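Let's take a walk through this structure together. Have the sequence and the 3D view handy as you read.

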Amino acid sequence: MISDQPLYFLEGDGEMASLTRAFDWTSTSIGDPVHWPESLRNTLAMILQSRFPMFLWWGDDMIQFYNDAYRPSLGNEGKHPRALGQKAVDCWPEIWHIIYPQIHQVRNMGKATWNEDLLVPIYRNGKIEDVYWTFGYSPIRIDTGEIKGVLVVCTETTEKVRALQKITASEYNIRNLILQSPVAMALFRGMDMVVEIINDKFLTLWGKDQSVVGKPLIQALPEMEGQPYPQIMKDVYTTGKTYYGNEAEVYLQHEGALRQGFYNFINEAYRDENGAVTGIIVVANEVTEEVQSRRKIEQMLDDLAASEANFRNLILKAPVAMCLLTGPDHVIEVANEKIVELWGKPYETVMNRPVFEAIPDARGQGLEALLANVYNTGETFETTEHPVALIRNGIMETVYQNFVYQAYRDPGGEIAGVIAITLDVTPQVIARHRIEEVVADRTAELQRSNAELAQFAYIASHDLQEPVRKVMTYSLMLQDQLGRLDGRAAGYFDKITKATSRMQSLIRDVLTYSELSKAEQKLVATDLGKIFSETIGDFELVIAQKQASIDVGPLPVIDCIPLQMSQLFGNLISNALKYTRTGVPPVITVRCEPLSFAEAASKDLHTKVNWYRIVIADNGIGFDPAHTGQLFKIFQRLHSRKEFEGTGIGLALCRRIVENHKGTIEADSTPGTGSTFTIILPQERFGQ
Amino acid sequence: MKNKRLLLIDDDEDDQELFIDALQGIDPSISCKVFDNALDALDDLDRNAYDLIVLDLNMPLMNGSQFLEKIKSDEHMRDIPVIIFSTTSNRFMLDQTAALGARAYYTKPSSYNDLISLLSNIVKTA
């Protein structure tokens, strides 16, 4: 039933205005609208006139009003239109636990509430829906000041919240994407490129930790100052255009030093839900090693190309004759002037032709096989003074060459040809051949005259011996015949005898010496110890007379001429027993030791055989070391015959014997203390 | 060694004379035939027998070594003892003649007295 009094506050053309007018309010606890208090009337008028969604609870039963704007929030098959005039508690059982505390707050304490995007699921469209609201409850008082109503001004924000949730989810996703990315990835926010999200891979590149998060790029990575990358990012930020960096050179601080690195990276604009650029996503991948190794290879290739060019240049400028023959036909590809001159053919007739076609006169001298072998196996061939017959400038000549054939390899290591380096040694070889001929002639001549000389020495000394012996014999016979002689006559006979016997020993020694030059005698393995003891046996008498002691250590078996060895030892022992100090019994020691390899090598001795050092030392008068040079020369004597008898042949003989055995002999002395003779002899024969 | 027959081959007349003188003084019963070259001696050896040959080494035409080699290769003569009697002495010649079969090697002494004592020795042992 509608009051006949004008109900101005219920006017309006909206659905809710007419529904409110038509509603039987007397059936509710707030009664006939005619009696409604002023504040309810005013509030309701505002609600029904407003285009903003509004809702009102009135009275203790919280009877409900709402306007057209609010109506969609109740959905199609939901609480509308039953909600009008309904008690709150009957209308919102599903959310009563959410709204009641707020209603209570407003009604009892007069405090308005404000909720933003609060999830208040309601029943509508035939089901419970998750609905987000931003709403406020305000108290409505009547003239007594008592709170009678609660005005709800609300707006459904479900769509906005959903959109926000979408954004949040996508941000969550981008975070995960970045953090879990297998490559370095980061999100920079704003014009200052604040590090927002950065994964460990990126931090490793930077050599930083998560503490950079929240810092602008230039602060997080000060070394970026002066490098082009901050600007590139700003450009991406302002233009939205993706930037691709390819093998970009970046300097980053690592362990206190700027380190050059190369990176492939992408700077991509990061946009919000409206498409506005809010940041930059950077994906980076370090390619330093790849770039460096590629650059190295490029450098090597460059070097190779340069060395190839250098090599050709080297051939052309080489101070020796040189050429490069390529392919299995040995095509003359590069040849310098010197070698063309050596070939004796015009340059243009030989170049770029197979070598044996260009120089046919070189054929059939074995060079084809040599070149083919080097080309096929890569083994270098080297020879000296190799004769090659060549027709040079129309004349057949033999050219002697020192040459090397060496494989020429392409950058891949494959044999591409042969390098020939030749030194024309023809003049030297010819000169040497001449010298050799002359030397051979001279040597033959010398050998002849040596043989003649030896023969002469032998015959002369032999034939001289006979008359000397006879002078001796007959002067002794004459002495016998004459019987007893006076002092002077006896003295003359004595002089004749002494001179004659001296003559005899001289002749005998010269004879022995000359015999050493005679035809080579056989070397036989000989026990030097045995030879030595036999030799000492010859001196028994002198040893006894002089009370000499001879201490001979172990001596080896060596290949030698036994007779010469006993002459060698005989002479040395004889000297040791002869040149003694008065009143000092001679002490002679003989020691032998093998020479070490190093020692033999240091003395320039042949190192393929074993060597022995035999040292014979005495305690005699010795000699002045200044005379060492004279010691081994024939007929050189250091003492007068008055002091010591001798022919001056003994040590010359020793040296000749040692040299016959390819050994050495040296003497050393401290005058007045003794002499030491050191003989070095090979154990086995060697050479010729 | 009574009535023994000696053959001396030596080209030196003085030495021949000294040798024979010394030999006569030691034992006059010993006969000694002398040749001054080895070829003639070989010729004679074909026809005559000897108890001892005393041989010089350095001689013209055929030297002592060659002679020694010759008679040591001859069935009839190889058993006659040969003594080398030379001015020169060296180990090489000594070894060589010993190898060829010489019984002894003596160097001609420089005094007559030494010659006599040497020859006495030879004659005693021959």
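Helices here are DSSP runs of H or I with at least four residues, and they are numbered from the N terminus. To compare two of them, axes are fitted as lines to C-alpha atoms over the stretch in contact, and angles between N-to-C directions run from 0 to 180 degrees. What you're looking at is a predicted model, where local features need pLDDT of at least 70, side-chain atom pairs count only at pLDDT 80 or more, and totals for chains, interfaces and linings use all residues. Residues are numbered from 1 along each chain as its sequence is written, chains are lettered from A in the order in which they are written, and side-chain values use heavy atoms, leaving out hydrogens and water.

Start in chain B, where helix α2 (residues 38-45) packs against helix α3 (residues 64-72) at about 20°, with the axes 10 Å apart. That makes α2(B) roughly parallel to α3(B), a label for angles under 35 degrees. On the α2(B) side, B:Ala38, B:Ala41, B:Leu42 and B:Leu45 meet B:Phe67, B:Lys70 and B:Ile71 of α3(B); contact means heavy atoms within 4.5 Å.

Now look across to chain A: 18 of its residues are in contact with 16 residues of chain B. About 1,600 Å² is buried between the two chains, with carbon and sulfur atoms giving 48%. Buried area is the accessible area (1.4 Å probe) lost by two parts on being put together, summed over both.

Chain B and chain A also share three salt bridges, each a side-chain nitrogen of Lys or Arg within 4 Å of a carboxyl oxygen of Asp or Glu. A:Lys470 forms a salt bridge with B:Asp12, with the closest N and O atoms 2.1 Å apart.

Definitions and conventions:
Helix = DSSP H or I, 4+ residues; strand = E, 2+ residues; numbered from the N terminus. Parallel < 35°, antiparallel > 145°, perpendicular 65-115°, else oblique.
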